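Please keep the sequence and the structure in view while reading.

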Amino acid sequence: MKRAAIAKMEGGMRYTKLGKSDLTVSRICMGCMGFGDPHNGQHSWTLDEEHSREIIRRGLELGVNFFDTAVGYQSGTSEQYLGRALRDFAKREDVAVATKFLPRTQGEIAAGITGQQHIQNMIDTSLRNLGLDYVDLYIYHMWDYETPLYDIMDGLNRIVQAGKVRYIGISNCFAYQLAKANALAEKEGFAKFVSAQVHYSLIFREEEREMAKLCAEDNIAMTSYSPLAGGRLSKHPGETSKRLREDSYAKFKYDATARQDGIIIDRVARLAERRGVSMTEVSLAWLLTKVTAPVVGATKLHHIEGAAKAVELALTPEDIDYLEEPYVPHKPVGVMAQNTPAASKEQHVWGTGNQKIQGQ
Ligand SMILES: NC(=O)c1ccc[n+]([C@@H]2O[C@H](COP(=O)([O-])OP(=O)(O)OC[C@H]3O[C@@H](n4cnc5c(N)ncnc54)[C@H](OP(=O)(O)O)[C@@H]3O)[C@@H](O)[C@H]2O)c1
């Protein structure tokens with residue numbers, strides 16, 4: 001089965017450069033948060049290794065070469081499943097692997113572990129989980145108010161210099177935070193963030209205010225997580241799933257605005273019917289007009305097939321106006337709702353779980 005998938009690549013996948021980097025990535029990035037041991041982490045709805053591998057393999061067949069995971073997903077088992085599948089089905093140089101690290105914990109701070117040491121330990125843990133020598137993109141998962149920005153940027157620069165990471169990216173930050181971080185990196189001669197992974201979909205468009213403009217001006221690749229709003233932009237009213245029932249974190253992101261969002265979801269369904277395509281294709285085709293690559297989750301084979309097809313759907317300006325017109329501003333939700341100094345000290349649902357962290 002080794003390398004079989006890439007050899008029989010099919011479909012019309014499109015590729016682009018990730019911002020200023022040399023990475024050539026597929027316009028659809030496979031989100032791997034739904035892969036991992038369901039008994040060992042934040043989510044009860046994740047896929048076991050066998051089913052995760054089938055989806056990863058199908059993605060490769062469809063030309064997906066960009067994969068997004070995190071040390072925090074299901075106690076490192078998402079990274080482990082992805083790493084083993086890529087070793088079996090792909091050539092290392094044909095894929096771009098992104099993973100993410102979490103802020104320092106109160107325990108690490110109390111133990112005197114610096115930001116630089118923390119980043120070293122986090123990347124070593126991820127590389128061990130993935131079974132890789134380096135990752136292509138290493139993402140600062142959420143803002144760490146407890147660690148000096150200098151230590152974060154210096155720590156990241158050191159692992160780039162050491163060849164463990166090719167490029168760095170950021171997620172869940174305000175535009176001013178990214179601008180400050182890259183200005184500091186510029187001044188110090190450190191590696192800069194080449195991408196920003198933001199929460200962005202037809203029903204959550206707050207990043208259009210500032211982040212999208214900063215990214216466009218500085219050629220920072222914007223990628224979008226939860227591009228289907230955890231499935232809400234893919235499913236007709238009444239359609240349900242294990243995840244829709246059990247994903248309490250997604251409910252925290254979307255339940256409060258379900259009534260107003262329903263108007264847009266209904267328009268996605270109507271346009272999909274008119275164009276003879278799926279709701280997933282419409283939702284992602286819209287995002288493909290805005291970002292470098294949506295980071296799409298899949299728990300079934302047909303999900304990744306639907307996502308891959310979206311690159312072939314061209315929406316007209318009238319289609320885009322129709323989808324955008326009912327949007328009203330939303331409050332920050334999810335991780336961004338907790339991007340404050342006070343919230344950074346609270347208990348969170350995320351963490352590294354029971355995995356052994358390197359160096360500790
Ligand atoms: N940086 C961050 O903080 C952050 C946060 C969240 C996510 N992420 C990344 O973004 C990725 C995607 O996030 P996400 O899973 O929240 O969002 P998503 O891509 O918006 O939603 C994925 C869900 O949509 C549903 N779906 C997909 N295709 C479908 C189809 N054709 N028909 C019906 N349902 C379909 C599936 O739901 P069912 O399983 O219910 O069928 C799937 O689990 C993650 O894997 C992760 O890599 C990053």
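How many bridges join strand S4 (residues 66–68) to S5? Three bridges join S4 to S5, and the two strands run parallel; strands are said to pair if DSSP finds at least two bridges between them. Helices (H or I, at least four residues) and strands (E, at least two) are DSSP runs, numbered from the N terminus.

This is a predicted model, in which local features need a pLDDT of at least 70 and side-chain atom pairs count only at pLDDT 80 or more, whereas totals for chains, interfaces and linings use all residues. Residues are numbered from 1 along each chain as its sequence is written.

Strand S5 (residues 96–101) has six of its six residues buried, so it is largely enclosed by the rest of the structure. A residue is called buried here if 20 or more other C-beta atoms lie within 10 Å of its own, exposed if 12 or fewer, and partly exposed in between, with C-beta atoms placed from the backbone. Both faces of S5 are covered, with Ala96, Ala98 and Lys100 buried on one side and Val97, Thr99 and Phe101 buried on the other.

S5 also pairs with strand S6 (residues 135–140), in the parallel sense and over four bridges. In this pairing Thr99 stands opposite Tyr138, and Phe101 stands opposite Tyr140. S6 likewise has six of its six residues buried, so it is largely enclosed by the rest of the structure. S6 and S7 are joined in the parallel sense over five bridges, and Tyr140 stands opposite Ile170 in S7. Here the chain crosses from S6 through H6 to S7, and this β-α-β crossover is right-handed.

The buried residues of H2 include Arg53, Ile55, Ile56, Arg57, Arg58 and Leu60. Just after H2, Gly63 takes a positive phi of about 95°.

**Selected residues**

His141 is found in the loop between S6 and helix H6 (149–161). Leaving aside its neighbours within four places in sequence, His141 is in contact (C-beta atoms, placed from the backbone, within 7 Å) with Ala70, Gly72, Lys100, Phe101, Leu102, Ser171 and Asn172. The C-alpha atoms of His141 and Ser171 are separated by 5.1 Å, although these residues are 30 apart along the chain.

Asn172 lies in the loop between strand S7 (165–171) and helix H7 (175–188), and its phi is near 55°, a positive value in a residue other than glycine. Asn219, in the loop between helix H8 (211–218) and strand S9 (221–225), has a positive phi of about 50° although it is not a glycine. Arg275 is found in helix H11 (residues 258–275), and its C-alpha atom is 9.3 Å from that of Leu313, 38 residues away along the chain.

| Residue | Other C-beta atoms within 10 Å | Class |
|---|---|---|
| His141 | 22 | buried |
| Asn172 | 23 | buried |
| Arg275 | 15 | partly exposed |
| Asn219 | 11 | exposed |

**Around the ligand**

The ligand is surrounded by 32 residues, of which the closest are Gly31, Met33, Gly231, Ser241 and Gly297; a residue is near a molecule if its C-beta atom, placed from the backbone, lies within 6 Å of it. The elements that give two or more residues to this shell are helix H9 (242–246), strand S10 (293–297) and helix H13 (301–309). By class, the shell has eleven nonpolar, 18 polar and three charged residues, where Ala, Val, Leu, Ile, Met, Phe, Trp, Tyr, Cys and Pro count as nonpolar, Asp, Glu, Lys and Arg as charged, and the others, Gly among them, as polar.

How values were computed. Contact = placed C-beta atoms within 7 Å. Right-handed = clockwise from strand over helix to strand, strands pointing away.
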